Amino acid sequence: MSPLLNDAVDKSKAFWGQISISQRVFIGGVSLAVVGVFFALIFWINQPDFKVLYSNLSLEDANRVVKLLDADKIPYQLQNDGATILVPADRVYDQRIRVAGEGSLVGQGIGFEIFDEVKVGQTEFVQKINYQRALQGELARTIMEFPDVESARIHLVVPHRSLFIEEEQKPSASVVLTLAEGKKMDQKDVMAIVNLVTMAVEGMDKSRISVNDTKGNILYYPSDEETLQGLSSSQLDNKLTLQRDIERRIQEMLYPVIGPGKVISKVNADLDFSQRTIRKELFDPESAVVRSEQRSEESTRGQSNLNAGSPDPNFRGDGLTGGLSSQDSNRETRTTNFEINKEEHNIVAPVGEISRLSVAVIVDGTYVKNPDTGEYVFTPRSEEELARIRQLVSNAVGYDSARGDTIEVSSISFGGPDVALEPSLTDVVMDYALRLGKPLLNALLVFLFLVMIVRPVIMAMIRPKVHAGDVVEGLEGLPAGEERLALIESGDELDALDAMKKIEDIKAHAMQLAEQNMEQAVSILKTWLKQPEGAK
């Protein structure tokens, strides 16, 4: 053993022998407590980081995953009543791959995995019941994939097939949903569920499906085809989709000009869903063409002697006696047929045509900082700017004054400018602390342990203890003040400097001893004060 180590051990033994039993107990207890806290902090800091392996698991899936983790002896933690499983961060991905390979996550309820184990002796009735249970479970699992659905149950009624068509009955389904907290199903999501059940069950019709939630709200009922506005659900969806599309178009156009978050646009579109068929026939009289022509001419000529018989009133008598009469007649008949150009139009008016648009746009103004108060003052946009914005909006939405469209653009304050806040010193320090993380904290704890625990213990072991009345080593034989000055004046200059350096070293050492042993130093001073003048 080295002399330095032997000296330290001897001093430690001497120090331990000089203190009392109560001091020994106190020092031992404090040392054990500090060491325990230190190692506890080290253990806590070096604990592995747990990350989410799976969340929102059903109890059945959580049980299967936990069994796999126990088989691999992988530590895990359960949260959210067992619905969330956490594992060490370095084992997340390989465990996800392993669980997926095992096929342990099948969802809540019973699905088609019921047929993985074929039992001998099952009757046809049992197989049909199992198939219906599996179909209900698979549909429920699929519906639970919707983000707003927390859980789902489906009840199917599948009648037996009959040999007679008139006695055959259609299947029916009832869907009960448990929605997530604060969520609400959109109509398109409900229709998606209805279509899913319709296409998944053989012979199912939409009129035989009902969708409810656990709060008693009817989400879909076949007889409820019309809304309060007189529009069907699909027509209302088309109207809302058109309005959102126009609003998005306006905002995307004005964002680069005004700035993001400084434009609000609302559109109300009146759509005409009536079905109309218009038939027109147009004739052009100036484009007449002779198609056919018929012409008939008739000529008649005759004479009559009135003396020979009765006079004919149709003939005029000639001659001296007026007994001779003649007749001449001509008749012509003409019929001409013309062909006229004709145009026939069969127009089917589109369904959902825009009959009127009402557009309202609000834009933020500008803000100027007041140099005196430091506050930002709102300045609305000028009429010229608003007119340009109105023109842009008119062109974007397809403004048509003939159908009564209206556009209103206003400049209103949105509350103030978005002033970017510079990160404070605290934020910067916290950012660096989060980046550096555990290595710096570990180093700090080790440093504090060395400074606050190891160093005081070592100093206490090697520190000499001075009793009252003892003469400190190095102070004996020192000259008094006047003699010290005479020694410096009479001696050599080099010897005087060496003597002064030695005195200063002894003085510093004495001051250090006095600070470290204050009670003993006070006791020594009291002893010196009580001594007579000649004994000093």
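1. Start with Arg98. Arg98 is partly exposed, with a relative accessible area of 30%. Partly exposed here lies between buried (under 20% relative accessible area) and exposed (over 50%), using a 1.4 Å probe and protein chains only. This is a predicted model, where local features need pLDDT of at least 70, side-chain atom pairs count only at pLDDT 80 or more, and totals for chains, interfaces and linings use all residues. Residues are numbered from 1 along each chain as its sequence is written, and side-chain values use heavy atoms, with hydrogens and water left out.

2. Which residue does Arg98 form a salt bridge with? The partner is Asp72, and the closest N and O atoms are 3.2 Å apart. A salt bridge means a side-chain nitrogen of Lys or Arg within 4 Å of a carboxyl oxygen of Asp or Glu. Arg98 sits in helix 4 (residues 92-102) and Asp72 in helix 3 (residues 59-72), so the pair ties together parts that are 26 residues apart in sequence. Helices are DSSP runs (H or I, at least four residues), numbered from the N terminus. Asp72 is partly exposed too, at 29% relative accessible area.

3. Next, Asp94 and Arg91. Their side chains meet in a salt bridge, at 2.9 Å from N to O. Asp94 is partly exposed at 34% relative accessibility. Arg91 is partly exposed at 31%.

4. Now helix 7. Arg248 forms a salt bridge with Glu252, with 3.2 Å between the closest N and O atoms. The two residues are four apart in helix 7 (residues 233-258), so about one helical turn separates them. Arg248 has a relative accessible area of 41% and is partly exposed. Glu252, at 48%, is partly exposed as well.

5. Some salt bridges join up. Glu293, Arg295, Glu297, Glu332 and Arg334 are linked in a network of them. Across the whole structure, a search finds 14 salt bridges. Side chains of opposite charge can pair when their charged atoms come close.

6. Look also at the nonpolar surface. Leu441, Leu444, Val446, Phe447, Leu448, Leu450, Val451 and Met452 form a nonpolar patch there, with about 690 Å² of accessible area together. Patches take residues with over 30% relative accessible area and no salt bridge; nonpolar side chains (Val, Leu, Ile, Met, Phe, Trp, Tyr) are joined within 5 Å, like charges within 9 Å. Accessible areas come from the Shrake-Rupley method with a 1.4 Å probe; for residues, only the protein chains shown count as cover.

7. Where is Leu448 found? Leu448 is in helix 10 (residues 438-462). Leu448 counts as partly exposed, at 34% relative accessibility.
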